[in-house]
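Open the model in your viewer and keep the selection tool at hand. This tour goes from one selection to the next.

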Amino acid sequence: MKNWLKKEKTVEKESLQSGSSTNLLQVFNYNDFLNRVMGDRELAMSILDEFVELIGQHGEKLQHAVESGDHENVRQIGHLIKGESGNISAPSLYESSYAMEKAGKSQNRTEQDKLLPVVLENIDSLTKAIREVLQKGRA
């Protein structure tokens with residue numbers, strides 16, 4: 001019985017300690033992305049460089065589309081961000097941009113207003129995570 005209880009406590013402790021790495025994987029799963037590019041680190045760094053350059057612009061365009069009530073652009077930009085984030089293994093941004101795409105398609109302004117800060121925060125978190133990866137990759 002003592003062996004079982006010790007194991008449960010250890011698993012619980014490990015789960016609490018790994019919480020931040022789980023959250024990081026929700027932001028950006030570099031290993032999964034590296035598998036997508038068949039282990040080519042140079043290609044991975046190049047793609048990430050370009051992604052960081054463009055994603056901020058996409059966020060600004062999305063914000064403008066939401067604020068101006070341009071549902072079709074909200075849908076299109078949400079779709080664009082969803083595809084880009086899916087390609088680089090960024091699940092949090094993928095999910096929020098997919099929800100934004102659907103809100104644009106259904107012309108649901110209330111949902112768009114609710115989702116915009118989430119998408120923008122996910123872009124910010126992802127950009128920071130990618131910059132760390134790029135910095136380590138060049139060190």
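Which residue forms a salt bridge with Asp124? Select Lys128: Lys128 pairs with Asp124, and the closest N and O atoms are 3.2 Å apart. Keep in mind that this is a predicted model.

**Stop one: helix α7**

Now widen the selection to helix α7, residues 109–138. Both Lys128 and Asp124 lie in this helix, four residues apart, about one turn of the helix. Color Asp124 by accessibility. Asp124 is partly exposed, with a relative accessible area of 33%.

**Stop two: the neighbor of α7**

Next, show the side chains at the contact. On α6, select Ser92, Leu93, Ser96, Ser97, Ala99, Met100, Ala103 and Gly104. On α7, select Glu111, Gln112, Leu115, Leu116, Val118, Val119, Asn122, Ile123 and Leu126. Color them by class: the contact has 10 nonpolar, six polar and one charged residues.

**Stop three: helix α5**

How many salt bridges does the structure hold? There are six. Go to another one of them by selecting Glu72 and Arg75. Their side chains meet in a salt bridge, 2.7 Å from N to O. Both residues sit in helix α5, residues 71–87. They are three residues apart in that helix, so about one helical turn separates them. Check how open each one is. Glu72 has a relative accessible area of 39% and is partly exposed. Arg75, at 23%, is partly exposed as well.

**Stop four: helix α3**

Move to helix α3, residues 30–36. Select Arg36 and Asp32. What do their side chains form? They meet in a salt bridge, with 3.2 Å from N to O. The two residues are four apart in α3, so the separation is about one helical turn. Arg36 is partly exposed, with a relative accessible area of 48%. Asp32 counts as partly exposed too, at 32% relative accessibility.

**Last view**

Side chains of opposite charge can pair when their charged atoms come close.

Key: Residues are numbered from 1 along each chain as its sequence is written. This is a predicted model: local features need pLDDT of at least 70, side-chain atom pairs count only at pLDDT 80 or more; totals for chains, interfaces and linings use all residues. Side-chain values use heavy atoms; hydrogens and water are left out. A salt bridge is a side-chain nitrogen of Lys or Arg within 4 Å of a carboxyl oxygen of Asp or Glu. Buried means under 20% relative accessible area, exposed over 50%, partly exposed in between (1.4 Å probe, protein chains only). Contact means heavy atoms within 4.5 Å. Ala, Val, Leu, Ile, Met, Phe, Trp, Tyr, Cys and Pro count as nonpolar, Asp, Glu, Lys and Arg as charged, and the others, Gly among them, as polar.
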